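User: Hello! I have just opened this structure and would like to learn how to read it. Could you guide me through it step by step?

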Amino acid sequence: MVAGAAAVVAVDAEAAIKTITNLPHLGVGFGFRDRYHTDVFVHRSSIDFLEITADHFFRASQAKREQLDLLSRNFTLIPHGLSLSLGSAEGIDDEYLTQLAEIVDVVNPPWWSEHIAFTHAGGIDIGHLTSLPRTRESLEVLGRNIRLAKAAIPTPLILENITESIRYPGDRIDEASFLGDLLEENDCGLLLDVTNLYTNSVNYRFDPLPLIWRLPRERIVQLHFAGGHWQDETLIDSHSTPACDEVWSLLREVLAYADVRGIILERDEKLPPIKEILSEVDRAREMYLQARSNKKPASCEG
Amino acid sequence: MERSFAELQSEIARCLANPAAIDGALKTTLQDFSQQELHAAAETLIRKRVARLRHALPRTSQSLGTTFSECCHQAFRNRSKTTTPSLEDDLDALGRELRRGSPVSPRVIEAYRWECLRHDSITRRWSFRWLVTRYETDSENRRLRLWCVVKIFGRGKLWRLW
């Protein structure tokens, strides 16, 4: 399915952990949006890699295919899926998976990503990522769907934590344990969305740091960060503003804790001029490089 | 029969995809929630409700106590599970049951209804449902149906239920 790139190793039970730990360090970039199609080439030296929304290239027109080809020849691209719905108890959509696999095959990334969530059930498309109860049953459902996804796409998979629109009263496993079990049982990396974690910590009133320090640090592969806004006393991860100070602080903590391979800035609304995007990218890169050069142990026990 | 995880997700999807329908039912099945815990919580709720009503109403309300819970049980035990009636429907049904011979006067029902509407109506509405559905417990099969109040966020969908 995927050509042998340097960072992709054969999937093998014994080599499984090596797959995650041997992933390359990509640096810092942002989520590609059409508005910045020209800008990314003008500012090529300021962008280490790009994340593409895989869904945007499904059933692509000729122009879209050419765009993908051009981007993949000039950047390392990480495909990010939106609607595979790995948490769906009724299973994942074969057609969606096939299209996702085609994108990964074309792009040949060191890893690809999706979400710890479900987006459809009972024939209904919810329209946004919905959280799962933290139970053994959820882990089994996720495991089942991840195995199917990995059978179709052998490239290493990393999973993103989401902003929780629902918290279930029946949660039986704490979040750090749930994530740890999920990643270990399925040999996946973690796409730690720092903004999502911060948003949840604000809305549900908990300290995110102890949670971070309990995550399996060797599996934290990539980070997302973004800005949000307040509405009706609720913090929304709208990806519509620059990141706030608290998100930058969490970013620094995670970088000190784990050997992160890449960081992506997300901006989906109120797209600013490219310079504003690159300003945040540059700041994140400075932190990323500083953390790598420090080579110090994490700020607390992991 | 225990609701499957897939059915639970379908219900959630149905509610989230249609904000107008969220007022009806957002249900979850708690796998390990013990009956004792649920009973204790429901009984506490009943006592609180009764205490508030006793304080607010004249002597005719003295018959409250287990009577109120018994009336609830009487009213909703055989309710059809295919419909999701509104709070008004619930209270009307309860009122009819009570007027058939319960010592609890219709004024109690009105008082409770007013209490719900006077305070955060949605919270009280769900509390009332929680009270009622306690009696849907199937003790033999340990089947629980718990109506929960949840907070829902989401981009462009800021419905608040409490």
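User: Which elements of chain B have the lowest and the highest mean pLDDT?

Analyst: Let's begin with the idea: pLDDT is the predictor's confidence in each residue, from 0 to 100. In chain B, the lowest mean among the elements, 27, belongs to strand S2 (residues 146–147) of chain B, and the highest, 72, to helix H1 (residues 5–17) of chain B. Over residues 19–91 of chain B the pLDDT is below 50, yet this stretch has 137 contacts in the model beyond near neighbours in sequence; a contact means heavy atoms within 4.5 Å. Residues 97–162 of chain B also stay under 50, with 172 contacts beyond four places in sequence. The chain averages a pLDDT of 41, and 6% of its residues score at least 70.

User: What should I know about how the values were made?

Analyst: This is a predicted model, where local features need pLDDT of at least 70 and side-chain atom pairs count only at pLDDT 80 or more, while totals for chains, interfaces and linings use all residues. Residues are numbered from 1 along each chain as its sequence is written, chains are lettered from A and ligands numbered from 1 in the order in which they are written, and side-chain values use heavy atoms, leaving out hydrogens and water. For the complex, the predictor gives an ipTM of 0.73 and a pTM of 0.66.

User: How many helices and strands does chain B have?

Analyst: Helices (H or I, at least four residues) and strands (E, at least two) are DSSP runs, numbered from the N terminus. Chain B has six helices and two strands, and its pattern along the sequence is α-β-α-α-α-α-α-β. Of the contacts in chain B between residues at least 6 apart in sequence, 64% join residues at least 24 apart.

User: How do I read burial, and what share of chain B is buried?

Analyst: Buried means under 20% relative accessible area, exposed over 50%, and partly exposed in between (1.4 Å probe, protein chains only). By that rule, buried residues make up 51% of the 162 residues in chain B.

User: Now chain A. Where is Asp193(A) found?

Analyst: Asp193(A) is in strand S8 (residues 189–193) of chain A. This residue counts as buried because its relative accessibility is 0%. Beyond residues up to four places away in sequence, Asp193(A) touches Glu160(A), Asn161(A), His224(A) and Glu266(A). Its side chain also reaches the backbone nitrogen of Thr195(A) at 3.0 Å.

User: How many aromatic pairs does the structure hold?

Analyst: Rings of Phe, Tyr and Trp (its six-membered ring) pair if their centres lie within 6.5 Å; planes under 30 degrees apart count as stacked, over 60 as edge-to-face and the rest as tilted. Over all chains there are four aromatic pairs. One of them joins Phe41(A) and Phe75(A) edge-to-face, 5.6 Å centre to centre with 65° between the planes. Phe41(A) lies in helix H2 (residues 39–42) of chain A and Phe75(A) in the loop between helix H3 (62–74) and strand S3 (77–80) of chain A, so the pair ties together parts 34 residues apart in sequence. Phe41(A) is partly exposed at 27%, whereas Phe75(A) is buried at 4%.

User: Why does the pair of Phe58(A) and Tyr96(A) count as edge-to-face?

Analyst: Their ring centres are 5.0 Å apart and the planes stand at 80°, so the pair is edge-to-face. Phe58(A) is buried at 13% relative accessible area, and Tyr96(A) is buried at 8%.

Technical notes. A polar contact is a pair of N or O atoms within 3.5 Å; within protein, one must be able to donate a hydrogen and the other to accept it, and residues adjacent in sequence count only if both atoms are side-chain atoms.
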